[in-house]
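Hello,

Here is the structure I promised to pass on. Please have it open while you read my notes below.

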Amino acid sequence: MGRIMQTEQKRFAEHRRFLICMVTLCISLAFVAQGCGKPSRETWQDVDTEAETVIVLEEDEEPKIRMEDVCLELYREAGRSGRLGEKETIAHIVKQFGENGYPAVDQKNRVDMVRASEVKRFCRRATDQQEAQIEIVEVDWNGGFVEYELQAAEGNLDVTRNYYHYEDEMMRKKTEEHFTADSWSYTEDGYLMFSGTGALDEMYVMTLSDVKEYAALRVEPLDEACREWNEKALLPVGYECNNLFLTDWDETDFGELDFYDLFDVFYPQIYHRKIPWQSGKNAGNSTVYGIPSKEFESVIQEFLNVKTDILRKKTIYREKDDTYEYYPRGFYESEYPEHPYPEVTAFQENDDGTVTLTVHAVFPYLGSSRALVHEVTVRPMENAAAAVRYVSNKIISSLDDPDDNWYVPRLSREERSLLYEENTD
């Protein structure tokens with residue numbers, strides 16, 4: 001729902017709430033007229049029998065704390081200290097949801113899910129086409145969370161998606177959306193994945209197209225050492241606007257690596273600021289820069305053991321002024337906003353001091369926890385700006401459909417000359 005303006009979000013949410021209240025009122029009156037009732041909240045509970053595990057419904061002995069209030073004090077404390085988006089804060093919020101009866105995980109799946117066994121029971125029943133229901137919280141990194149209310153029956157999955165956002169020291173419900181999942185699965189890697197199309201006609205009119213909602217919730221825990229390697233070696237680079245992990249290469253043959261993209265990725269890690277060589281105000285007017293060789297080479301060689309002569313052959317080196325010709329990515333090189341994220345699932349320490357990481361590219365948009373499987377070998381670095389030096393990458397498997405490839409290569413010098421009016425800086 002972050003794809004529409006906040007004012008429209010409020011308008012849609014108010015309209016939804018009005019409709020829901022009217023429907024609820026009618027249903028309540030119908031029950032009163034018929035003299036029957038139903039518990040306001042139900043939960044699944046395991047009952048062990050000799051034959052099998054059967055799940056029955058029982059009323060809660062005590063009502064849960066209101067969703068908005070569960071972690072309100074944690075959000076207030078983190079908001080006042082400016083720590084809302086830190087991993088430690090997110091982990092505390094996830095844990096507190098679990099302590100108050102809600103299965104929860106973070107949006108980036110960087111901490112283990114709490115109360116995961118309840119979600120696995122739900123998935124088992126849903127897979128067996130039995131009736132099941134559950135609430136799952138997905139904590140985002142921008143001061144809010146999503147509550148998924150899932151109802152499964154006969155192999156179908158109905159989803160209510162409620163989004164809450166922290167503002168003015170209060171947790172406010174901003175949007176509510178209902179849809180039936182077009183597809184859903186519990187993957188072999190332990191992910192609950194589902195996707196569907198928003199149900200509101202107003203949204204269709206606003207965007208003139210269907211709005212796809214999708215979720216990837218890691219249920220199975222990950223080894224903490226794998227998470228540490230992911231934080232150190234994979235997440236700082238990721239899969240956006242670079243091909244470090246998308247092609248085969250090693251220190252004897254750097255293959256199709258784009259060193260300009262890698263300069264864009266590595267520079268902020270060393271200098272802790274955005275790269276200063278940016279496109280002009282007009283994205284269709286590509287500016288050409290000359291980056292001093294010492295600066296360009298020092299950034300790349302901090303992370304890759306590539307010799308200077310090889311680096312110069314694989315880029316545009318201008319000997320006359322000892323600079324590297326550099327074009328920022330422009331309009332024709334922009335990628336789609338949906339990207340997978342890396343997840344280290346195993347690692348092996350090698351005799352030469354390197355470590356080989358097995359990595360899965362998790363792509364929620366495509367409902368895949370293995371859009372790409374590759375092995376990354378790194379050399380841990382001490383007392384250096386880079387935590388690791390990248391030694392090689394090897395593709396194990398990937399999606400076969402080329403339309404599912406999110407990576408857009410940079411244009412060649414010749415392609416640019418046809419598409420852009422160049423300015424020399």
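What follows covers the nonpolar cores and then one of the sheets.

This is a predicted model, with local features needing pLDDT of at least 70 and side-chain atom pairs counting only at pLDDT 80 or more, while totals for chains, interfaces and linings use all residues. Residues are numbered from 1 along each chain as its sequence is written, and side-chain values use heavy atoms, leaving out hydrogens and water.

A nonpolar core here is a set of buried Ala, Val, Leu, Ile, Met, Phe, Trp, Tyr and Cys residues joined through side-chain atoms within 4.5 Å; buried means under 20% relative accessible area, with a 1.4 Å probe and protein chains only. The largest such core has 47 residues, and L244, F263, F266, I300, L304 and Y390 touch the most other members. Helix α7 (259-271) is among the elements that each supply at least two residues, and α7 gives the most, with 8. (Helices are DSSP runs of H or I, at least four residues; strands are runs of E, at least two; both are numbered from the N terminus.) Leaving aside residues up to four places away in sequence, F266 touches V237, L244, V299, I300, F303, L304 and Y390, a contact being heavy atoms within 4.5 Å. A second, separate core of 24 residues includes V119, A181, L192 and A215.

Two strands pair if DSSP finds at least two bridges between them. Strands β3 and β4 (132-139) run parallel, joined by 3 bridges, and A104 has V137 in β4 as its bridge partner.

Best wishes

Key. Buried < 20%, exposed > 50% of the residue type's maximum accessible area, 1.4 Å probe, protein only.
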